[in-house]
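Subject: Structure for you to look at

Hello,

Here is the structure I promised to pass on. Please open it alongside this note, and then read on for what turned up in it.

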Amino acid sequence: MLAACATNAPRADNQEAQAVAQQTMQAVESAASAVPSPATPVARVATAPEEKLDVLLEDNLNPGEKVDLDAPKTHVDLWARMRAGMAMPELDNDLVRKAEDWYSSRPDYVARMTGRGSLYLYHVVEEVQKRGMPMELALLPFVESAFRNDAQSSAKAVGMWQFMPATGRDFDLKQNIFRDDRRDVLASTKAALDYLQRLNKLFDGDWQLALAAYNWGQGNVSKAVARNQKAGLPIDYDSLRMPDETRYYLPKLQAVKNIVMRPEAYGLELPAVANHPYFLSVNIDRDMDVTRAAQLAELDEETFRQFNPSMNKPVILAASSGQLLLPYDNASTFVANLEKHRGPLASWTAWVVPKTMKPADAAKQVGMSETGLREINRIPARMLVTKGSTLLVPRTASRDQDVSEHLADNARIGFAPDVPPMRRVTLKANKGDTVASIARRYRLGTTQLAQWNRVSTKATFKPGQQVVAYVREGQQLAAAEASSAPTKSSSSKTMKSAKVTKVASSAANKPAKAGAKTRSAKVAASDGKGARTVATKTALR
């Protein structure tokens, strides 16, 4: 009985904490309903600076609704609002205990994690509640990324919701050289909740299976469910066979939930989070350097990037993002300073490469150093930039246009190895020649020679068959000397029957005399400039 009571204690404590939170929220809503609502909604169109500042007092998640920092609901701790909305079934097992122990033994980590989360939590909670989803989902970024929007996994999942590239594209998260919306706070939150709603519907309203699919993939969970159904087994989360990471996924979320419900029980403190927007959106209609935008907002660049983390380059493109997210106070500061600003806002623009070029040539054409061009565009060593690639380059008097919407949304960069041009040559196969024997004779790669001729690496050529190979311009293709000399008794016979290997595609080539140590052969060039002479050595058999 004592063991049973101990097991049910966390669940009972969570229910009690939720009841208290719900009473608090009901009292706040009653107080708020007694306050007269503001008159006319804030107008969207503004001309004077003062009117623009007034527009910024709107909640960007609720257009037209003015933010009133004196309203009763804004003084409620956001954690209480979250506790009141918890709706998922409780988990209570050894993995939950393990996760609780892990978090409670790292108070500094929890403090950093919840501190970061406090910047974005209001907006996540608002979106979750709008959709009628369980509030536990607002805690998911704590498990996925510790609320770091710059987080990147070894599997290339990015952002605080950890979207894989393909899944991100499925939910319209742009990923190009200028920006990665998987790191965007509002865009990634919308996409993650859209995805979770789809998964919930797919698994007939089972949020636990939906979360397992978010972590493991919907196809894998569907197969696990089908496997259990075929075997006549239950199909709930605890009954499915799944990887350890996914098995531990929900227990970690449950542990975070338990800490949010009763932080004092784990010796932890949560930062106070006000129940109003922490940041606002500000529209921009011109391209702007990140450093310039941060200066206008009177923020250091690191803090500015915390709210605008999706940018891959040091310039913000008005045609793609169209808005900045700024802390409540700094939004007004930004607009006021922008009105007073004189001079250029951006020092960078985009340039489409007209043909495949060496980085040094491209740098010379746009008026910057090769090192600078490589660094800003992340061009690897020994690579050419291919035709149609978009590079970030300095603005000039002749190149001063803002980047177009099409280019901002579809910009790409491609590379090609910076190697000498290749020339096609043809060889003539002898009796019994194979891919391997010709590759050895001419010091070529067996796999590569097979690919050039579209045959397997074990293929045998017919006598006189033409064999294709590619060499670099100026490279001589010579047959190798025999690895060992013939014996004295067979030397004469071997030399008499030695055949000259033909390394030409032209029928006009005359065979060299048998037994010659070296000869010259014409090699047909693919560039149409005629045959050229290449010294080769006779293969001894």
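Let me begin with Arg454, which counts as exposed at 81% relative accessibility (exposed is over 50% relative accessible area, buried under 20% and partly exposed in between, with a 1.4 Å probe and protein chains only). Before going further, please note that this is a predicted model, where local features need pLDDT of at least 70 and side-chain atom pairs count only at pLDDT 80 or more, while totals for chains, interfaces and linings use all residues. Residues are numbered from 1 along each chain as its sequence is written, and side-chain values use heavy atoms, with hydrogens and water left out.

Back to Arg454: its phi is positive, about 55°, although it is not a glycine. Most residues other than glycine have a negative phi. Arg454 sits in the loop between helix H20 (446–453) and strand E12 (466–472); helices (H or I, at least four residues) and strands (E, at least two) are DSSP runs, numbered from the N terminus. Arg378 also has a positive phi, near 55°. You will find Arg378 in the loop that runs between helix H17 (370–377) and strand E8 (383–385), and Arg378 is exposed, with a relative accessible area of 59%.

Now to some buried spots. Thr349 belongs to strand E7 (residues 348–352) and is buried, its relative accessible area being 3%. Its side chain reaches the backbone oxygen of Gln401 at 3.0 Å. Setting aside neighbours within four places in sequence, Thr349 is in contact (heavy atoms within 4.5 Å) with several residues, including Leu391, Val393, Arg399, Gln401 and Val403.

Leu270 is another buried residue, with a relative accessible area of 18%, and its place is in the loop between helix H12 (249–261) and strand E3 (279–283). Leu270 and Thr114 are 156 residues apart in sequence, yet their C-alpha atoms are 6.7 Å apart in space. Not counting residues up to four places away in sequence, Leu270 touches Trp79, Arg83, Thr114, Ile259, Val260 and Pro263.

Two of those partners, Ile259 and Val260, are among the buried residues of H12. Twelve of the 13 residues of H12 are buried, so this helix is largely enclosed by the rest of the structure. The end C-alpha atoms of H12 are 19 Å apart, which agrees with the 18 Å its 13 residues should span at 1.5 Å a residue (the expected span is 1.5 Å times one less than the number of residues).

Finally, two helix pairs. How do H4 and H5 lie relative to each other? The axes of helix H4 (residues 94–104) and helix H5 (residues 107–130) come within 6 Å and cross at roughly 90°, and the two are therefore roughly perpendicular. Axes are lines fitted to C-alpha atoms, for helices over the stretch in contact, with angles from 0 to 180 degrees between N-to-C directions; under 35 degrees counts as roughly parallel, over 145 as roughly antiparallel, 65 to 115 as roughly perpendicular and the rest as oblique. Trp102, Tyr103 and Ser104 of H4 make the contact with Pro107, Tyr109, Val110 and Met113 of H5.

Helix H9 (residues 207–216) and helix H10 (residues 218–230) pack at about 130°, with axes 7 Å apart, which makes H9 oblique to H10. Here Leu209, Ala212, Ala213 and Trp216 in H9 meet Gln218, Asn220, Val221, Ala224 and Val225 in H10.

Best wishes

Conventions. A polar contact is a pair of N or O atoms within 3.5 Å; within protein, one must be able to donate a hydrogen and the other to accept it, and residues adjacent in sequence count only if both atoms are side-chain atoms.
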